[in-house]
Amino acid sequence: MQRWVALFATTRAIATATAIALLVGHRVTGHDWLLGGIAITYGVVSLAVIARSPRLQSLPVVWIADGAAVLALVLAAGQWRSPFYLLLLTTLVLPATTLPFRRALAYGAATTTAYFAVALATGIDWSTIETTARLESFATHLMVPLIVVLALAYSGQLLERLERERERSEQLAVEAERRRIAWELHDSAKQRIHAAHLILSAVAGQREDARLEQAIGELRFAGEDMESSLTELLTPLLEGRGLGDALRARARELSAATTAHIDVRGESAALPPFILAHAYRIASEALTNAIRHAEAERILVRLAQDPDRLEIAVEDDGRGVPADPRPGSSGLRSMRDRAEALGGRLAITAGAGERGTTVSLSVPLPSNGGP
């Protein structure tokens, strides 16, 4: 949307300057200076109000009021070849790029009809318009709004398709890479861990050694962690769901295997696949840690998003993060690496007393601006 707002702002500024130049360059009415002052004021105010308010940019009543105000300037100029005609064309930018294709064309046709009515009200000299040059000029003035809407609406649809294809390509690339990593882990590292576990278990059966028992325990934990990672890697990435829906589904899966109560609150808007995947994995890992290692009874996941940042917090009432994490533990490191890859911040804080942990993720979101 921001690219179209930038186009609106640029064309509105150029059209206003052009209208003022035409009023200054030759006499149009007996009150050119008054019209020029009104045009400058309206151009500046409309830019400040519309361009800076995302809510107003998508309101049809604002588009209609903007078009009506410019048509009033055309009417005040007293002729259909008004200096404010270009200003009228700028009123079509936001509706043409926001409305569905057919409704955008209907809006353009309505604008053409309204302009024709204003041209009639200014008093068309039909005797002079019969000449080829005048007739072509009048027909062009009538057709340009439709052509502008058609071009902008088509461009908007094309850009949306390109964006969807880009996101789909990114998702397919991520899926392919995840499956490649999963199969490599399954065929190499997992088998080696299993073999090492069998060897140490056999040795432990012949002699008692606390270090052997510890090593066997670590291998068992590593095998469980890898099995969980392989399952996630081989699962289709979020299956087209949003972050909130995906985390709720994950909470239901974990709740089926534990007595902990998991509550997911908040929603997020559409996110780029790269951010969506990593944010989901970080929150998912925090949930798993709270259940498996912290033995939490209650877990709360909070989602919040504004145009510039995504915030996720996973709070639990478990036994907290140990001062000395077990050797070989990769969960926290993986979460930090993912947060760093997103250009975000990951904070892990202890709750009041000796229990409870909060894992907080803050991720900057890319701007949608730019043409």
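In the predicted model, the backbone oxygen of I50 lies 3.0 Å from a polar atom of the side chain of Q57. Q57 is placed in helix α3, which spans residues 54–57, and with a relative accessible area of 1% this residue is buried. I50, whose backbone oxygen takes part in this pair, also belongs to the α2 side of the contact that helix α2 makes with helix α1, and I50 is again one of the α2 residues in the contact of that helix with α4.

The chain as a whole contains 13 helices and five strands. Of its 371 residues, 37% count as buried. Among the contacts between residues at least 6 apart in sequence, 70% join residues that are at least 24 apart.

Two packed helices are described by the angle between their axes and the distance between those axes. Helix α1, which covers residues 2–25, packs against helix α2, which covers residues 32–51, at an angle of about 170° and with the axes 10 Å apart. The two helices α1 and α2 are therefore roughly antiparallel to each other, an angle over 145° being what this description requires. On the side of α1 the contact is made by V5, F8, A9, R12, A13, T16, I20 and L23, while α2 contributes D32, L35, G36, A39, I40, Y42, G43, S46, L47, I50 and A51. By class, the residues of this contact between α1 and α2 divide into 13 nonpolar, four polar and two charged.

Helix α2 also packs against helix α4, which comprises residues 60–77; the axes of α2 and α4 come within 11 Å and cross at roughly 170°. This angle makes α2 roughly antiparallel to α4. The contact is formed by L35, I38, Y42 and I50 of α2, together with V62, A65, D66, A69, V70, L73, A76 and A77 of α4. Its residues comprise 11 nonpolar, no polar and one charged. L35, Y42 and I50 of α2 are listed in the contact with α1, and these residues of α2 are listed in the contact with α4 as well.

Two residues of helix α1 may be considered individually. R12, which has its place in helix α1, counts as buried because its relative accessibility is 0%, the limit for a buried residue being under 20%. When residues up to four places away in sequence are not counted, R12 touches Y42, G43, S46, L47, D66, L87, T90 and T91. With one of these residues, S46, the side chain of R12 makes a polar contact through the side chain of S46, at 2.8 Å. R12 and L88 are 76 residues apart along the chain, yet their C-alpha atoms are separated by 9.1 Å. L22 is likewise placed in helix α1, but this residue is partly exposed, with a relative accessible area of 36%. Residues up to four places away in sequence again being left out, L22 touches V28 and P83. Between L22 and D32, which are 10 residues apart in sequence, the distance from C-alpha to C-alpha is 9.8 Å.

L346 stands opposite L361, the latter being in β5.

Helix α12 holds H278, a residue that is buried, with a relative accessible area of 16%. Its neighbours within four places in sequence being set aside, H278 is in contact with R338 and L342.

Technical notes:
Residues numbered from 1 in each chain as written. Predicted model: local features only at pLDDT ≥ 70, side-chain atom pairs only at ≥ 80, totals over all residues. Heavy atoms only, no water. Axes fitted to C-alpha atoms, helices over the stretch in contact; angles between N-to-C directions. Helix = DSSP H or I, 4+ residues; strand = E, 2+ residues; numbered from the N terminus. Parallel < 35°, antiparallel > 145°, perpendicular 65-115°, else oblique. Contact = heavy atoms within 4.5 Å. Nonpolar A, V, L, I, M, F, W, Y, C, P; charged D, E, K, R; others polar. Pairing = 2+ DSSP bridges. Buried < 20%, exposed > 50% of the residue type's maximum accessible area, 1.4 Å probe, protein only. Polar contact = N/O pair within 3.5 Å; in protein donor to acceptor, adjacent residues only side chain to side chain.
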